[in-house]
Amino acid sequence: MQQDYDLVIAGGGLAGNCLALALKDTGLRIAIVEANSREQLHSSPAGDRALALAAGTVMMLDVLDIWHGIAHAATAIKHIHISDRGHFGKTRLSAQKEHVDALGYVITARDIETHVANLVTEAGIELISPARVVGLMSDDKEVCISLKQGNTSLNLSAKLLVGADGGLSSVRKLLDIAQYMTEYGQTALVTTVKSTIPNKNTAFERFTASGPLALLPVAKNHCSVVWTRSTEDAKALMLGSEADFLEELQQCFGYKLGRLSLAAPRRDFPLSLIRAEKMVAGRAVIIGNAVHQLHPVAGQGFNLGLRDVVRLAEMLDTQHKQNKDIGAAGFLNDYARSRKKDHERTIGFTDTVVKIFSNEWLALAVARNVGLTLLDHIPAAKTLFTRHAMGLANHIPLLRSKG
(Lines give C-alpha, C1' and ligand atoms only; values in the text may rest on other atoms or scores of the structure.)
Protein backbone atom coordinates (compact mmCIF):
# COMPACT_ATOMS: atom_id res chain seq x y z
CA MET A 1 0.00 0.00 0.00
CA GLN A 2 1.36 3.43 -0.95
CA GLN A 3 1.44 5.93 1.91
CA ASP A 4 0.95 9.66 1.39
CA TYR A 5 4.43 10.27 2.83
CA ASP A 6 7.42 8.34 4.10
CA LEU A 7 7.81 10.72 7.01
CA VAL A 8 5.48 13.22 8.68
CA ILE A 9 7.07 15.61 11.17
CA ALA A 10 4.73 17.20 13.71
CA GLY A 11 6.27 20.53 14.68
CA GLY A 12 7.72 23.25 12.49
CA GLY A 13 10.05 24.71 15.10
CA LEU A 14 13.79 24.24 15.36
CA ALA A 15 13.81 20.47 15.91
CA GLY A 16 11.28 19.62 13.22
CA ASN A 17 12.72 21.96 10.60
CA CYS A 18 16.31 20.86 11.27
CA LEU A 19 15.27 17.22 10.86
CA ALA A 20 13.56 17.99 7.55
CA LEU A 21 16.65 19.85 6.30
CA ALA A 22 18.92 17.00 7.36
CA LEU A 23 16.82 14.62 5.25
CA LYS A 24 16.01 16.85 2.26
CA ASP A 25 18.40 15.08 -0.13
CA THR A 26 17.61 11.49 0.91
CA GLY A 27 14.66 10.96 -1.43
CA LEU A 28 12.24 10.51 1.48
CA ARG A 29 8.79 12.04 0.95
CA ILE A 30 8.46 14.47 3.86
CA ALA A 31 5.71 16.74 5.20
CA ILE A 32 5.83 19.06 8.22
CA VAL A 33 2.66 19.76 10.21
CA GLU A 34 2.74 22.94 12.31
CA ALA A 35 -0.06 24.24 14.56
CA ASN A 36 0.92 27.92 14.28
CA SER A 37 1.34 30.20 11.29
CA ARG A 38 4.76 31.64 10.42
CA GLU A 39 3.56 35.01 11.72
CA GLN A 40 2.52 33.53 15.07
CA LEU A 41 5.82 31.72 15.46
CA HIS A 42 7.81 34.84 14.56
CA SER A 43 5.96 37.09 17.03
CA SER A 44 6.04 34.61 19.94
CA PRO A 45 7.73 35.95 23.12
CA ALA A 46 9.75 32.71 23.20
CA GLY A 47 11.66 34.06 20.19
CA ASP A 48 13.32 36.64 22.45
CA ARG A 49 15.24 34.01 24.41
CA ALA A 50 18.96 33.65 23.90
CA LEU A 51 20.26 30.24 22.89
CA ALA A 52 23.75 29.20 23.95
CA LEU A 53 25.14 27.10 21.11
CA ALA A 54 27.89 24.70 22.14
CA ALA A 55 30.82 24.31 19.74
CA GLY A 56 29.64 20.78 18.93
CA THR A 57 26.21 22.18 18.02
CA VAL A 58 27.81 24.71 15.67
CA MET A 59 29.63 21.83 13.95
CA MET A 60 26.30 20.05 13.39
CA LEU A 61 24.62 23.24 12.13
CA ASP A 62 27.52 23.74 9.72
CA VAL A 63 27.12 20.23 8.27
CA LEU A 64 23.40 20.96 7.84
CA ASP A 65 24.32 24.12 5.85
CA ILE A 66 22.56 26.26 8.45
CA TRP A 67 25.43 27.92 10.28
CA HIS A 68 26.82 30.09 7.46
CA GLY A 69 23.45 31.87 7.21
CA ILE A 70 23.28 32.80 10.89
CA ALA A 71 26.94 33.18 11.89
CA HIS A 72 26.73 36.95 11.42
CA ALA A 73 23.89 37.14 13.98
CA ALA A 74 25.73 35.06 16.61
CA THR A 75 28.11 36.38 19.26
CA ALA A 76 31.18 34.32 20.11
CA ILE A 77 31.80 33.26 23.71
CA LYS A 78 35.57 33.54 24.17
CA HIS A 79 35.62 33.39 27.96
CA ILE A 80 33.39 31.82 30.62
CA HIS A 81 33.52 33.09 34.20
CA ILE A 82 31.85 30.87 36.83
CA SER A 83 31.48 32.10 40.42
CA ASP A 84 29.50 31.47 43.60
CA ARG A 85 28.00 34.60 45.17
CA GLY A 86 29.23 35.23 48.70
CA HIS A 87 31.92 32.52 48.47
CA PHE A 88 35.53 32.34 47.28
CA GLY A 89 35.28 29.74 44.50
CA LYS A 90 35.55 30.67 40.84
CA THR A 91 36.57 29.09 37.55
CA ARG A 92 37.58 30.81 34.32
CA LEU A 93 37.57 29.13 30.92
CA SER A 94 39.29 30.55 27.83
CA ALA A 95 38.94 29.76 24.12
CA GLN A 96 42.54 30.86 23.54
CA LYS A 97 43.88 28.43 26.15
CA GLU A 98 41.88 25.61 24.52
CA HIS A 99 43.19 26.66 21.07
CA VAL A 100 39.72 27.22 19.60
CA ASP A 101 38.06 30.30 18.07
CA ALA A 102 35.17 30.22 20.55
CA LEU A 103 33.83 28.11 23.41
CA GLY A 104 30.36 28.56 21.96
CA TYR A 105 28.04 31.19 20.54
CA VAL A 106 24.93 33.07 21.61
CA ILE A 107 22.07 33.76 19.23
CA THR A 108 18.50 34.94 19.61
CA ALA A 109 16.08 32.07 19.08
CA ARG A 110 14.07 34.11 16.59
CA ASP A 111 17.12 34.62 14.33
CA ILE A 112 17.89 30.91 13.99
CA GLU A 113 14.20 29.88 13.84
CA THR A 114 13.48 32.35 11.02
CA HIS A 115 16.52 31.29 9.02
CA VAL A 116 15.80 27.58 9.37
CA ALA A 117 12.14 28.10 8.39
CA ASN A 118 13.27 30.02 5.29
CA LEU A 119 15.62 27.17 4.33
CA VAL A 120 12.73 24.69 4.61
CA THR A 121 10.67 26.86 2.25
CA GLU A 122 13.57 27.18 -0.21
CA ALA A 123 14.06 23.40 -0.16
CA GLY A 124 10.44 22.90 -1.26
CA ILE A 125 9.58 20.73 1.75
CA GLU A 126 5.82 20.48 2.13
CA LEU A 127 4.39 22.43 5.06
CA ILE A 128 0.83 21.91 6.28
CA SER A 129 0.09 24.91 8.48
CA PRO A 130 -1.69 25.96 10.57
CA ALA A 131 -2.88 22.44 11.36
CA ARG A 132 -3.04 20.30 14.52
CA VAL A 133 -2.52 16.58 14.98
CA VAL A 134 -5.73 15.39 16.67
CA GLY A 135 -5.51 11.62 16.23
CA LEU A 136 -3.18 8.82 15.16
CA MET A 137 -3.21 5.06 14.81
CA SER A 138 -0.37 2.69 13.91
CA ASP A 139 -0.44 -0.78 12.37
CA ASP A 140 2.31 -2.99 10.97
CA LYS A 141 2.44 -1.04 7.69
CA GLU A 142 1.76 2.63 8.42
CA VAL A 143 0.67 5.32 10.83
CA CYS A 144 -2.59 7.12 10.05
CA ILE A 145 -2.62 10.75 11.20
CA SER A 146 -5.75 12.87 11.64
CA LEU A 147 -5.34 16.63 11.32
CA LYS A 148 -7.59 19.59 12.02
CA GLN A 149 -7.00 22.58 9.76
CA GLY A 150 -9.51 25.26 10.69
CA ASN A 151 -12.89 23.63 10.19
CA THR A 152 -11.45 21.04 7.82
CA SER A 153 -10.39 17.51 8.78
CA LEU A 154 -7.50 15.85 6.93
CA ASN A 155 -6.18 12.30 7.06
CA LEU A 156 -2.58 11.41 6.18
CA SER A 157 -0.64 8.16 6.16
CA ALA A 158 3.09 7.67 6.56
CA LYS A 159 5.67 5.04 7.42
CA LEU A 160 6.80 7.14 10.40
CA LEU A 161 5.56 10.07 12.48
CA VAL A 162 8.10 12.19 14.37
CA GLY A 163 6.78 14.30 17.24
CA ALA A 164 8.96 17.42 17.33
CA ASP A 165 6.13 19.56 18.63
CA GLY A 166 7.66 20.89 21.85
CA GLY A 167 6.99 20.65 25.54
CA LEU A 168 3.21 20.54 25.13
CA SER A 169 3.55 17.84 22.45
CA SER A 170 0.20 16.71 21.04
CA VAL A 171 1.91 13.61 19.64
CA ARG A 172 3.22 12.59 23.06
CA LYS A 173 -0.24 13.04 24.58
CA LEU A 174 -1.95 11.07 21.80
CA LEU A 175 0.58 8.26 22.27
CA ASP A 176 -0.27 8.28 25.99
CA ILE A 177 3.43 8.57 26.93
CA ALA A 178 3.75 9.53 30.59
CA GLN A 179 6.10 12.24 31.85
CA TYR A 180 8.32 12.42 34.92
CA MET A 181 8.45 15.92 36.37
CA THR A 182 10.75 17.54 38.94
CA GLU A 183 9.45 20.90 40.17
CA TYR A 184 12.28 23.22 41.18
CA GLY A 185 10.00 25.91 42.61
CA GLN A 186 11.94 28.36 40.42
CA THR A 187 11.20 30.79 37.61
CA ALA A 188 13.59 32.11 34.96
CA LEU A 189 13.52 35.87 34.50
CA VAL A 190 14.74 36.74 31.02
CA THR A 191 15.74 40.13 29.64
CA THR A 192 18.64 41.99 27.98
CA VAL A 193 20.85 44.51 29.74
CA LYS A 194 23.27 47.17 28.58
CA SER A 195 26.50 47.56 30.56
CA THR A 196 28.86 50.51 30.93
CA ILE A 197 31.89 48.19 30.70
CA PRO A 198 32.29 45.97 27.57
CA ASN A 199 31.78 42.23 28.20
CA LYS A 200 34.78 41.20 26.06
CA ASN A 201 32.82 38.18 24.77
CA THR A 202 32.58 36.76 28.28
CA ALA A 203 29.70 34.62 29.49
CA PHE A 204 29.10 34.87 33.23
CA GLU A 205 27.50 32.12 35.32
CA ARG A 206 26.96 33.26 38.91
CA PHE A 207 25.44 30.85 41.40
CA THR A 208 23.32 32.32 44.16
CA ALA A 209 21.21 30.97 47.04
CA SER A 210 18.04 31.52 45.00
CA GLY A 211 19.43 29.97 41.83
CA PRO A 212 21.91 30.67 39.01
CA LEU A 213 22.30 33.98 37.17
CA ALA A 214 23.69 33.89 33.63
CA LEU A 215 24.75 36.86 31.52
CA LEU A 216 25.50 35.87 27.92
CA PRO A 217 27.20 38.31 25.52
CA VAL A 218 25.00 39.37 22.59
CA ALA A 219 26.90 42.55 21.62
CA LYS A 220 29.88 44.57 22.86
CA ASN A 221 27.91 46.21 25.68
CA HIS A 222 24.80 44.02 25.77
CA CYS A 223 24.13 40.74 27.56
CA SER A 224 21.16 38.43 27.59
CA VAL A 225 20.10 37.69 31.17
CA VAL A 226 18.71 34.38 32.42
CA TRP A 227 18.09 34.91 36.13
CA THR A 228 16.70 32.03 38.16
CA ARG A 229 14.75 32.98 41.29
CA SER A 230 12.29 31.25 43.56
CA THR A 231 8.77 31.42 42.16
CA GLU A 232 7.73 33.82 44.92
CA ASP A 233 10.71 36.15 44.43
CA ALA A 234 10.29 36.11 40.66
CA LYS A 235 6.65 37.15 40.95
CA ALA A 236 7.61 40.10 43.17
CA LEU A 237 10.40 41.15 40.78
CA MET A 238 8.05 41.03 37.79
CA LEU A 239 5.38 43.06 39.60
CA GLY A 240 7.89 45.62 40.89
CA SER A 241 9.33 48.59 39.03
CA GLU A 242 12.18 48.37 36.52
CA ALA A 243 14.33 50.35 38.96
CA ASP A 244 13.73 47.82 41.75
CA PHE A 245 14.41 44.95 39.34
CA LEU A 246 17.70 46.50 38.22
CA GLU A 247 18.80 47.28 41.77
CA GLU A 248 18.27 43.64 42.81
CA LEU A 249 19.99 42.35 39.62
CA GLN A 250 22.97 44.66 40.15
CA GLN A 251 23.33 43.56 43.76
CA CYS A 252 23.15 39.91 42.71
CA PHE A 253 25.66 40.18 39.84
CA GLY A 254 28.00 42.88 41.10
CA TYR A 255 29.84 45.51 39.08
CA LYS A 256 32.16 43.45 36.85
CA LEU A 257 30.40 45.05 33.86
CA GLY A 258 29.83 48.39 35.54
CA ARG A 259 26.31 49.80 35.79
CA LEU A 260 23.53 47.76 34.15
CA SER A 261 20.40 49.13 32.47
CA LEU A 262 17.45 47.32 30.87
CA ALA A 263 17.49 47.06 27.07
CA ALA A 264 14.48 44.74 26.61
CA PRO A 265 11.22 43.84 28.39
CA ARG A 266 11.29 41.42 31.34
CA ARG A 267 9.73 37.99 30.78
CA ASP A 268 9.24 35.04 33.12
CA PHE A 269 9.21 31.30 32.50
CA PRO A 270 8.45 28.65 35.21
CA LEU A 271 11.19 26.01 35.49
CA SER A 272 11.04 22.27 35.95
CA LEU A 273 12.76 19.14 34.70
CA ILE A 274 10.43 17.14 32.49
CA ARG A 275 11.32 13.84 30.88
CA ALA A 276 9.10 11.49 28.89
CA GLU A 277 8.83 7.88 30.01
CA LYS A 278 9.87 6.67 26.54
CA MET A 279 10.58 7.98 23.05
CA VAL A 280 8.83 5.37 20.91
CA ALA A 281 5.28 4.07 20.59
CA GLY A 282 3.94 2.32 17.48
CA ARG A 283 5.23 4.01 14.33
CA ALA A 284 6.00 7.25 16.13
CA VAL A 285 9.04 8.70 17.89
CA ILE A 286 9.28 11.93 19.90
CA ILE A 287 12.40 14.13 19.99
CA GLY A 288 13.67 17.42 21.41
CA ASN A 289 11.50 19.24 23.95
CA ALA A 290 8.75 16.67 23.43
CA VAL A 291 11.05 14.23 25.28
CA HIS A 292 13.04 16.46 27.64
CA GLN A 293 12.80 19.97 29.04
CA LEU A 294 15.83 21.05 31.03
CA HIS A 295 16.64 23.78 33.51
CA PRO A 296 18.58 26.51 31.61
CA VAL A 297 21.48 26.47 34.13
CA ALA A 298 23.90 24.72 31.75
CA GLY A 299 22.35 25.95 28.49
CA GLN A 300 22.02 22.37 27.21
CA GLY A 301 18.37 22.14 26.09
CA PHE A 302 18.71 23.02 22.40
CA ASN A 303 22.12 21.33 22.15
CA LEU A 304 20.68 18.03 23.42
CA GLY A 305 17.64 18.35 21.15
CA LEU A 306 19.78 18.91 18.06
CA ARG A 307 21.76 15.77 18.87
CA ASP A 308 18.40 13.91 18.94
CA VAL A 309 17.64 15.33 15.50
CA VAL A 310 20.95 14.60 13.81
CA ARG A 311 21.26 11.08 15.20
CA LEU A 312 17.74 10.26 13.98
CA ALA A 313 18.53 11.72 10.55
CA GLU A 314 21.71 9.61 10.32
CA MET A 315 19.83 6.42 11.13
CA LEU A 316 16.84 7.22 8.86
CA ASP A 317 19.18 7.93 5.95
CA THR A 318 20.95 4.58 6.40
CA GLN A 319 17.69 2.65 6.87
CA HIS A 320 16.18 4.21 3.74
CA LYS A 321 19.29 3.56 1.61
CA GLN A 322 19.08 -0.10 2.59
CA ASN A 323 15.41 -0.18 1.51
CA LYS A 324 14.34 -1.03 5.05
CA ASP A 325 11.20 0.11 6.88
CA ILE A 326 11.89 3.47 8.59
CA GLY A 327 8.97 2.87 10.96
CA ALA A 328 9.93 -0.65 12.05
CA ALA A 329 9.74 -1.20 15.81
CA GLY A 330 13.24 -2.66 16.06
CA PHE A 331 14.75 0.29 14.20
CA LEU A 332 12.97 2.88 16.36
CA ASN A 333 13.92 1.08 19.56
CA ASP A 334 17.56 1.01 18.40
CA TYR A 335 17.36 4.78 17.94
CA ALA A 336 15.90 5.30 21.43
CA ARG A 337 18.67 3.15 22.95
CA SER A 338 21.31 5.13 21.06
CA ARG A 339 20.08 8.35 22.68
CA LYS A 340 19.65 7.01 26.22
CA LYS A 341 23.21 7.55 27.48
CA ASP A 342 23.44 11.14 26.21
CA HIS A 343 20.03 11.95 27.73
CA GLU A 344 20.91 10.48 31.11
CA ARG A 345 24.31 12.17 31.27
CA THR A 346 23.12 15.62 30.19
CA ILE A 347 19.92 15.61 32.23
CA GLY A 348 21.71 14.21 35.28
CA PHE A 349 24.47 16.82 35.05
CA THR A 350 21.99 19.68 34.71
CA ASP A 351 19.82 18.47 37.59
CA THR A 352 22.84 17.97 39.86
CA VAL A 353 24.20 21.46 39.14
CA VAL A 354 20.83 23.01 40.03
CA LYS A 355 20.64 21.16 43.34
CA ILE A 356 24.27 21.68 44.37
CA PHE A 357 24.43 25.38 43.55
CA SER A 358 21.00 26.31 44.90
CA ASN A 359 21.84 24.95 48.37
CA GLU A 360 23.30 27.10 51.12
CA TRP A 361 24.16 24.24 53.49
CA LEU A 362 27.61 25.31 54.73
CA ALA A 363 29.45 22.01 54.16
CA LEU A 364 28.12 21.78 50.60
CA ALA A 365 28.97 25.43 49.92
CA VAL A 366 32.56 24.86 51.08
CA ALA A 367 32.89 21.67 49.00
CA ARG A 368 31.63 23.21 45.77
CA ASN A 369 33.88 26.29 46.21
CA VAL A 370 36.93 24.14 46.84
CA GLY A 371 35.92 22.27 43.68
CA LEU A 372 35.65 25.47 41.62
CA THR A 373 39.01 26.71 42.93
CA LEU A 374 40.77 23.42 42.20
CA LEU A 375 39.20 23.28 38.75
CA ASP A 376 40.58 26.75 38.05
CA HIS A 377 44.12 25.57 38.87
CA ILE A 378 44.28 22.10 37.28
CA PRO A 379 44.75 22.45 33.49
CA ALA A 380 43.80 18.86 32.59
CA ALA A 381 40.58 19.02 34.63
CA LYS A 382 39.76 22.43 33.22
CA THR A 383 40.25 21.16 29.65
CA LEU A 384 37.91 18.22 30.28
CA PHE A 385 35.31 20.53 31.83
CA THR A 386 35.67 22.93 28.89
CA ARG A 387 35.14 20.12 26.37
CA HIS A 388 31.92 19.19 28.19
CA ALA A 389 30.79 22.83 28.09
CA MET A 390 31.58 22.92 24.36
CA GLY A 391 29.64 19.72 23.71
CA LEU A 392 32.77 17.93 22.50
CA ALA A 393 33.17 15.32 25.25
CA ASN A 394 30.87 12.79 23.57
CA HIS A 395 30.30 11.48 20.05
CA ILE A 396 28.83 14.22 17.86
CA PRO A 397 26.50 12.93 15.13
CA LEU A 398 27.52 14.73 11.95
CA LEU A 399 25.61 13.01 9.14
CA ARG A 400 27.47 12.81 5.87
CA SER A 401 30.59 14.88 5.46
CA LYS A 402 30.32 17.98 3.31
CA GLY A 403 31.84 17.71 -0.09
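**Exercise 1. In which loop does Pro130 lie?**

Solution. Welcome! This is a predicted model, and we start with its backbone. Find strand β8 (126–128) and strand β9 (132–138); Pro130 lies in the loop between them. Next, look at the peptide bond that joins Ser129 and Pro130: this bond is cis, with omega about -10 degrees. For background, most peptide bonds are trans.

**Exercise 2. Where do Asp65 and Asn201 lie, and are they buried or exposed, or in between?**

Solution. Begin with Asp65, which has a positive phi of about 60 degrees although it is not a glycine. Its place is the loop between α3 (55–63) and β4 (75–77). With 36% relative accessibility, Asp65 counts as partly exposed.

Now turn to Asn201, where phi is positive too, near 60 degrees. Asn201 sits in the loop between β12 (179–195) and β13 (202–208). Its relative accessible area is 26%, so Asn201 is partly exposed. For background, most residues other than glycine have a negative phi.

**Exercise 3. Which residues join Arg339 and Asp342 in one network of salt bridges?**

Solution. First find the pair: the closest N and O atoms of the salt bridge between Arg339 and Asp342 are 2.8 Å apart. Both residues lie in helix α9, three residues apart, which is about one turn of the helix. Salt bridges that share partners then bring in Arg307 and Asp308, making one network with Arg339 and Asp342.

**Exercise 4. Which element gives the most to the lining of the second largest pocket?**

Solution. This pocket holds about 210 Å³ of space. Its lining includes Arg275, Met279, Asn333 and His343. Two elements, β17 (267–276) and α9 (329–357), each supply at least two of the lining residues. Helix α9 gives the most, with five residues. By type, the lining divides into five nonpolar, two polar and five charged residues.

Conventions
Residues are numbered from 1 along each chain as its sequence is written. This is a predicted model: local features need pLDDT of at least 70, side-chain atom pairs count only at pLDDT 80 or more; totals for chains, interfaces and linings use all residues. Side-chain values use heavy atoms; hydrogens and water are left out. On a 1 Å grid over the protein atoms alone, a cavity is a set of points where a 1.4 Å probe fits but cannot get out, and a pocket is an open set with protein on both sides within 12 Å along at least five of seven lines; lining residues have an atom within 4 Å of a point. Grid points are joined across faces, edges and corners, and a volume is the space filled by probe spheres set on the points. Helices (H or I, at least four residues) and strands (E, at least two) are DSSP runs, numbered from the N terminus. Ala, Val, Leu, Ile, Met, Phe, Trp, Tyr, Cys and Pro count as nonpolar, Asp, Glu, Lys and Arg as charged, and the others, Gly among them, as polar. Buried means under 20% relative accessible area, exposed over 50%, partly exposed in between (1.4 Å probe, protein chains only). A salt bridge is a side-chain nitrogen of Lys or Arg within 4 Å of a carboxyl oxygen of Asp or Glu.
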